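Please read the following report alongside the sequence and the coordinates, taking each section as a guide to one part of the picture.

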Amino acid sequence: MLAFIAKRLAMGVGLVLLVLTLIFSALHFVPGDPAVLLLSVGDGGAPTPEAIEKVREQLGLNQPLFAQYLHFLGGVFTGDLGDSFKTSQPVLEAIGARLPRTLLLVGFATLLSVVFGVALGALAGRKGGWVDTCVTALSSIGVALPVFVFGAVLILVFSISLKWFPAGGYVDFAEDPGGALWSLTLPAISLAVGFSAQIARMTRSAVLEVQGQDWVRTAKSIGLAPLTVFRKHVLRNSLTPVVTVIGIGFGTLLGSTVLVERVFNYPGMSSLLVDGVTNRDYPVVQGIVIVIALMFILINIVVDIIYGILDPRVRRS
Amino acid sequence: MSFTRPNRRNTWLAALSLGAVAALALTGCGGTAAPDSSGGDSSATQVLTFGLSADPAQPITGASQGTAVNQLLTMVHRGLMSFDADGAAVPALAQSVDTPDDTTFVFTLHDGLTFSDDSELTADNVKNSLDYYRDVANGSQLAAPFADIESIESDGGSTVTVKLSQPNTAFLQYLALPFAAIVPDASLNPDTANWVGAGPWEMTNLDQGIGLTMEKNDGYYDAENIALDEIDVKFYADGEARTNALLSGDVDLIDYVTWENFDRVADAGFTVDQVNGPFQYVQFNVEEGPFADPKVRQAVAYALNRDNSVLAAFQSNGEPLYGVSISEKDPAYEKNLANLWEYDPEKAKSLLAEAGYPDGFPATLLATSQYTFLQDNALSVQEDLKAIGIDVTLDAPDWSTRVSKGNEGDYDIAVSGDSGMVTDPSYLINWVTGDNTYNVSWGYSNDEIAGLIGDGLRTTDDAEKHEIYQNIGKIWAEDVPFASLNTRAQAYGFSEDVTGFTNIPGTATFYSGYMLANTSMQ
């Protein structure tokens, strides 16, 4: 077992190295000089060569590429992801501030998706008829609706016309949890709409499938109340595939935050990554990609190990 | 086994559902209990919430880092000069400016000046700041405009005397730039964030990606006339999000209203304060190929349907520009300078034929997809050039790649937008010196124009300056260092609670942050 874990960990370290090298090369071979960008934003006169050289020197960009690479690797393995070119803020600090915000948004959206998705899907599967038609139609629209369009409509209606919610921005959860969730409601709903539609569809088909099973018929035949049968025997057994969908969907949600964070001006990690790429802010982009890669690799290792514990055959292969 | 697993999941889901309900209830409470920000203690403290168009970079002393940083610098800094509501350079930290002769400027400072860190601001600080800015080695953007400075002398008290090697009629304008402010000696390096100044407010709380707080600097020389106790700056990089923030009441004032939102903001009862500022143009790669021939460049200048570009890119919130953009207040101004060419596709075709391209030729047009107005202008240019036989392929990468390709001359023609650092027409020098930067014609230089611009800057005789620019216009029309397209409107949007704020006209619009000193909340 130990050998198995060691092997998986070694593979993980190898993968991290590969990701680090890939991201470093990709960034440095894409056109665009961070020093020039730092000194020219959209309009205004072009920076002087002296000014550019000064900034390049300050950022360490005048070093040979291989030296920069070694410096970067050295930094990563000593826990130093460098400072943002643009803001001088340490990258770890920036990620430390942004990651929890994105996770909060995604967590809230997942909650809404699960609650509404399961409820609507169960209702559609149980009731059938026009309820089913409505839910199916709604979920088709929900899946097809682009996040930024739905977000814009929500802002138009609930922020600008009704003035119930702020049009965007950020409230610190630690300082004002109610206010934070309040300002997160619209972004979370726009993020959740597609996901809950997916969950609703999955729940509906699972419910329909389970309803036809023998044990449901048996439960009905012994005279249990229909609602009890549904709750105890249908819904419960329908949720296993739904949980799988939720697991997969969580990753997709993380990706969708790029648009939602932009529309709602939410200062999460996705917007930091987009700005980092736009500004060729190498340390920021590298840092975020490393963190995401580490998260995925770690999750995979943990899953592998758990599989290994559960099923001895995996260990042998 | 198959029963226990769903059971556990179900409990977990039930817990989640409960959590969601609780969260919704909580947010409901939060919403109803939230205080109304429009009421309250406005008489006690004046707070302006400003939606800024970018998440700004950390300011570097002496560097020009774009609009967003400039806006913030106008709040925390003051130079010897500043701009007034009409865009004229007026004394700021200098109480008075004497010019005993054309090359000598004697600045007398206000009494008791301090920086926001409460340290004293002396004449020596002024000298040190200006010396730093004029040194090319420091990479300052001001080194070229300050090249005429011969000596700076401080009396150690309140007087600074600057001597120029030759007259420079734009000198005082450059001193008014937000990045030409007087700063503590400790800020005179590229590593120290340039936040400490002698401006009306001081930056007290920077939250990367979210916003920052400006609190009134009681040590400011004119503090009693500053109404705003606090400016709460929030960053909104996306134009739509920024507009929504204004319309929903999240912020009181925004900069850079996007053109498609002008009507929307005005219709909702907000002020859209717009002025025509920066200009858009077509630049050429003159090193090789057809555009090395001035006749082909002229053909392009005659082929452009500028009305169409204004409509396409700015929804008519701009003006067609048929020549060079010069402020109407400048002695150099004459209507014909803005009308060097006209829209005449037939003439364009015959110029192409004269240059040896009767059937046209293919070319690449560099623009960027990141700033849609540049891409829309490029699309309009592409249509116009196709009409005269130039088969244009559009290359519209992100801004960073656009800059990189521009700096390497990797294009035949490109569409750009720019403005002068100051309103003096000598800003045109950037396009004729042969410096191969991303927004000037690759490989183009014209010593004759450069010489004339220098003459224009030196002469203190308005009639002479006017005459010089007439000559520049003639050469420009023939040689076409760039073919202009249009000027665009730059607008601030604000609610009726904001009074006293005005958008400074022309390209000085980017320094309108100075007007926050006149602003108050109702």
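This is a predicted model: local features need pLDDT of at least 70, side-chain atom pairs count only at pLDDT 80 or more; totals for chains, interfaces and linings use all residues.

The side chains of B:R458 and B:D455 meet in a salt bridge with an N to O distance of 3.0 Å; both residues belong to helix α12 (residues 447-458) of chain B, where they are three residues apart, about one turn of the helix.

B:R458 also takes part in a polar contact of 3.2 Å with the side chain of B:Q166. B:Q166 is placed in the loop between β7 (159-164) and α4 (171-175) of chain B and is partly exposed, at 25% relative accessibility. When residues up to four places away in sequence are not counted, B:Q166 touches B:T103, B:D148 and B:R458. Although B:Q166 and B:L457 are 291 residues apart in sequence, their C-alpha atoms are 9.4 Å apart in space.

## Other salt bridges

Over all chains, the structure holds 15 salt bridges. One of them joins A:D33 and A:R56, with the closest N and O atoms 2.6 Å apart; this pair links distant parts of the chain, since A:D33 is in the loop between α1 (2-29) and α2 (34-38) of chain A, whereas A:R56, 23 residues apart from it, is in helix α3 (residues 49-59) of chain A. A:R56 is partly exposed, at 22% relative accessibility.

In chain B, a salt bridge forms between B:E354 and B:K295, the closest N and O atoms being 3.5 Å apart. The two residues are 59 residues apart and link helix α9 (residues 345-354) with helix α7 (residues 294-303) of chain B. B:E354 is exposed, with a relative accessible area of 53%, while B:K295 is partly exposed at 31%. A network of salt bridges, finally, links B:K127, B:D131 and B:R134.

## The interface between the chains

Contact between the two chains involves 62 residues of chain B and 56 residues of chain A, and together they bury about 5,200 Å², of which 60% is on carbon and sulfur atoms. The count of salt bridges between chain B and chain A is one, formed by the side chains of A:R280 and B:D398 at 3.0 Å, N to O, and there are 10 residue pairs in polar contact, both residues at pLDDT 80 or more.

On the side of chain B that touches chain A, the elements giving two or more residues are α1 (4-33), α5 (239-247), α11 (399-408) and β16 (413-418) of chain B. Of these, α1(B) gives the most, with 14 residues. The residues on this side divide into 27 nonpolar, 26 polar and nine charged.

## Nonpolar cores

The largest nonpolar core has 129 residues, and those with the most contacts inside it are B:V282, B:F284, B:V300, B:L385, B:I390 and B:W476. Helix α8 (residues 177-211) of chain A gives the most to this core, with 12 residues. Leaving aside neighbours within four places in sequence, B:V282 is in contact with residues including B:V300, B:L304, B:I413 and B:F482. A second, separate core of 72 residues includes B:L73, B:F171, B:V422 and B:F501.

## Two serines with positive phi

Most residues other than glycine have a negative phi. A:S88, which is not a glycine, has a positive phi of about 65°; its place is in the loop between α4 (65-77) and α5 (91-127) of chain A, where A:S88 is partly exposed at 34%. B:S316 has a positive phi of about 70° and is in the loop between α8 (306-314) and β13 (318-320) of chain B, partly exposed at 44% relative accessibility.

Key: Residues are numbered from 1 along each chain as its sequence is written. Chains are lettered from A and ligands numbered from 1 in the order in which they are written. Side-chain values use heavy atoms; hydrogens and water are left out. Contact means heavy atoms within 4.5 Å. Buried area is the accessible area (1.4 Å probe) that two parts lose on being put together, summed over both. A salt bridge is a side-chain nitrogen of Lys or Arg within 4 Å of a carboxyl oxygen of Asp or Glu. A polar contact is a pair of N or O atoms within 3.5 Å; within protein, one must be able to donate a hydrogen and the other to accept it, and residues adjacent in sequence count only if both atoms are side-chain atoms. Helices (H or I, at least four residues) and strands (E, at least two) are DSSP runs, numbered from the N terminus. Ala, Val, Leu, Ile, Met, Phe, Trp, Tyr, Cys and Pro count as nonpolar, Asp, Glu, Lys and Arg as charged, and the others, Gly among them, as polar. A nonpolar core is a set of buried Ala, Val, Leu, Ile, Met, Phe, Trp, Tyr and Cys residues joined through side-chain atoms within 4.5 Å. Buried means under 20% relative accessible area, exposed over 50%, partly exposed in between (1.4 Å probe, protein chains only).
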